[in-house]
Amino acid sequence: MTAATVPATAAPLAIVPPEVAADAVVIHDETVAARNPWTRVITAGDTLTMVDVGGNQAVDFLVYDAHDTELRYSAPDTLQGQDTIYLTTGSVLRDAEHGPLMTVVADTCGRHDTLGGACSKESNTLRYGHHTRAQHACVENFLLGGSRHGLGKRDLVSNINWFMNVPVDPDGALGIVDGISAPGLAVSVRAERDVLVLISNCPQINNPCNGFDPTPVRVIVTRA
């Protein structure tokens, strides 16, 4: 399955965070509203910077080869390649053939989750009760964003949660707790090939991953 390339469009330049290189050209700058999806093809060599505008906002993330979406982010290959479960500067996001998709080149948050997964209507119901089933969730955002590029439910895999704090207890249990991010903290990832990025600016309100109040995230695409 392939995804059509989306042409880069210029955007008005606002105050650029320090994670964006001084000599970089901003080719896209947008604020993604709370709870919303965002998708874009990032050209090889370009960098995507995600800014936690309000602080403590989880940003669910998937990435695919833009020309062959069967090659997509693989959590096992990524974790095996770096020998740690958390992502930060220097981490390489890999596909199932161990090929690099994107590299984390700057990070002021310091740690990002790879295990917590994406919230869904089903998981909300299981964790928080049947009254939450009608709530919008990240899986629905991924499906909506992916549909614009010919992707469906079978194309969803384990995702990254930027800015989300998921510690692992000694017994192996996962916890979703208050975030370690703050307003204005950011993470930048450089495309190692043309990639399709899907983002769900997480709508979860039942646990502390968003401080129970989803907020916007800023996305900036730059070219060296």
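Modeller: First a term: buried means under 20% relative accessible area, exposed over 50%, and partly exposed in between, with a 1.4 Å probe and protein chains only. This is a predicted model: local features need pLDDT of at least 70, side-chain atom pairs count only at pLDDT 80 or more, and totals for chains, interfaces and linings use all residues. Residues are numbered from 1 along each chain as its sequence is written, and side-chain values use heavy atoms, with hydrogens and water left out.

Colleague: Is Phe 61 buried or exposed?
Modeller: The relative accessible area of Phe 61 is 0%. The cut-off for buried is under 20%. So Phe 61 is buried.

Colleague: How many helices and strands does the protein have?
Modeller: Helices (H or I, at least four residues) and strands (E, at least two) are DSSP runs, numbered from the N terminus. Along the sequence the pattern reads β-β-β-β-β-α-β-β-α-α-β-β-β-β. The count is 3 helices and 11 strands.

Colleague: What is the radius of gyration of the protein?
Modeller: The radius of gyration is taken over C-alpha atoms, and the globule rule is 2.2 Å times the number of residues to the power 0.38. For 224 residues that rule gives 17 Å, and the protein comes close to it, so it is as compact as a globular protein of that length. The C-alpha trace spans about 45 × 40 × 35 Å along its principal axes. The radius of gyration is 16 Å.

Colleague: How many residues apart are Phe 61 and Trp 162?
Modeller: Phe 61 is in strand S4, residues 59-65. Trp 162 is in strand S8, residues 160-162. The pair links distant parts of the chain, 101 residues apart.

Colleague: Which residues have the most contacts inside the largest nonpolar core?
Modeller: A nonpolar core is a set of buried Ala, Val, Leu, Ile, Met, Phe, Trp, Tyr and Cys residues joined through side-chain atoms within 4.5 Å. The largest one has 29 residues. Those with the most contacts inside it are Leu 48, Met 50, Phe 61, Met 102, Trp 162 and Val 197.

Colleague: Where is Leu 93?
Modeller: Contact means heavy atoms within 4.5 Å. Leaving aside neighbours within four places in sequence, Leu 93 is in contact with residues including Phe 61, Thr 78 and Trp 162. At 0% relative accessibility, Leu 93 counts as buried. Its place is in strand S6.

Colleague: Which strand do the buried residues of H1 pack against?
Modeller: Helix H1 covers residues 75-82. Its buried residues are Ala 75, Asp 77, Thr 78 and Leu 79. They pack against strand S6 (92-94).

Colleague: How many disulfides does the structure hold?
Modeller: A disulfide is a pair of cysteine sulfur atoms within 2.5 Å. The sulfur of Cys 119 is 3.7 Å from the closest cysteine sulfur, in Cys 138, too far for a bond. For Cys 109, the nearest cysteine sulfur is that of Cys 209, 13 Å away. The number of disulfides is 0.

Colleague: Over which ring does the charged end of Arg 111 sit?
Modeller: A charge sits over a ring if NZ of Lys or CZ of Arg is within 6 Å of the ring centre and within 35 degrees of the ring normal. For Arg 111 the distance from the ring centre is 4.3 Å. The ring is that of Tyr 86.

Colleague: What is the phi of Phe 163?
Modeller: Phe 163 is in the loop between S8 and strand S9 (185-191). At 0% relative accessibility, Phe 163 counts as buried. Phe 163 is not a glycine, yet its phi is positive, at about 70°.
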